[in-house]
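User: Hi, I'm new to this one and would like a quick tour. Could you put it up and take my questions as they come?

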Amino acid sequence: MSKKKISCKEVMDYICDHAGESFDSPKCREIKEHLNECENCKHFFESVDKTISFYKIYNVQIPDEAHKRLLSYLGLNDE
Amino acid sequence: MTETELIKKAQEGDRKALTELVKRYEQTIYNFSFKVCRDREKAEHTMQETFMSMVKSIKQFSGRSKFSTWLYTIVSNHCLMMARAQKNKYHASLDDENSLIDESHIADWKVTPEKVTENNELKKILDEAIEKLPYDYRIVFILRDVEGLSTAETGKIVGLSVPAVKSRLHRARAFLRNELDKKLRNE
Ligand SMILES: [Zn+2]
């Protein structure tokens, strides 16, 4: 059995759903094994995770003025 | 008052209940709109149109889906309408999957995600990267990965099957990662 049955490209191309439904498929198990020993793919997935975190953390607050304009646009008032 | 009670009252024409619903969701909708269009003015406009649609059609909300899912559907449609109105903007093509992933030299990024709250240059990098992504990919990425909705819920909102959502998501992630990599690999 060769050590690298699955290529980096294949690993990066494949999504093992974080929600879990396909996490235990043979393919995903193979991918997890590959990730344990491949720095390159580890960095890839870490940077994908970071990408998602960046956009999660980057939030904006609705300005008070925009809140007021919204209610008046809708003809509602807040008391 | 529970959300179900509020919705019922709002459907019967209670303005107070309607106002309360708007207040419960305005921050979510504003933030979502901003995350899609990366512009405060457009985000406000999209939010206004979204709640106007909500007010006009709340009687049609059947309760079969979550109220938040229903609102996300409305706001996503308004974002797409906005996108069509400015279609001369350049977006990358994500048809060629092979160009998305270059599996050689993957760099380790030193910058941590928390930095984004204090670093305006990083914000600019994030804005510019996602602005190149076509809107239909952007919306899938934001609903599923950023807002944390399920793949099935995301599919329902944008009218795609679960495998189609996954494929778009994968391309969007890879595209954004590559764009950020150009700027962050040496940080
Ligand atoms: Zn690898």
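User: How many salt bridges does the structure hold over all chains?
Analyst: This is a predicted model, where local features need pLDDT of at least 70 and side-chain atom pairs count only at pLDDT 80 or more, while totals for chains, interfaces and linings use all residues. Side-chain values use heavy atoms, with hydrogens and water left out, residues are numbered from 1 along each chain as its sequence is written, and chains are lettered from A and ligands numbered from 1 in the order in which they are written. A salt bridge here is a side-chain nitrogen of Lys or Arg within 4 Å of a carboxyl oxygen of Asp or Glu. Over all chains, the salt bridges come to 17.

User: Which residues are linked in a network with A:Lys68?
Analyst: A:Lys68 forms a salt bridge with A:Asp64, the closest N and O atoms being 3.3 Å apart. Both lie in helix α4 of chain A, four residues apart. The network of salt bridges links A:Lys68 with A:Asp64 and A:Glu65.

User: Is B:Glu44 buried or exposed?
Analyst: B:Glu44 pairs with A:Arg69 in a salt bridge, with 2.6 Å between the closest N and O atoms. That pair crosses between chains, from helix α3 of chain B to helix α4 of chain A. A:Arg69 counts as partly exposed because its relative accessibility is 40%. B:Glu44 has a relative accessible area of 12%, so B:Glu44 is buried.

User: How far apart are the end C-alpha atoms of helix α3 of chain B?
Analyst: The expected span of a helix is 1.5 Å times one less than its number of residues. Helix α3 of chain B (residues 40-57) has 18 residues, so it should span 26 Å. The model agrees, because the end C-alpha atoms are apart by 26 Å.

User: What covers the buried residues of that helix?
Analyst: The buried residues of α3(B) include B:Ala43, B:Met47 and B:Phe51. Part of their cover comes from chain B, namely α2 (15-37) and α4 (67-85). The cover from chain A includes α4 (64-74).

User: How much area do chain B and chain A bury between them?
Analyst: Contact means heavy atoms within 4.5 Å, and 56 residues of chain B are in contact with 42 residues of chain A. Buried area is the accessible area (1.4 Å probe) that two parts lose on being put together, summed over both. Carbon and sulfur atoms carry 62% of it, and the total is about 4,600 Å².

User: Which residues is B:His105 in contact with, leaving aside its neighbours within four places in sequence?
Analyst: B:His105 is in the loop between α4 and α5 of chain B. B:His105 counts as exposed because its relative accessibility is 56%. Leaving aside neighbours within four places in sequence, its contacts are A:Asn40 and B:Arg185.

Technical notes
Helix = DSSP H or I, 4+ residues; strand = E, 2+ residues; numbered from the N terminus. Buried < 20%, exposed > 50% of the residue type's maximum accessible area, 1.4 Å probe, protein only.
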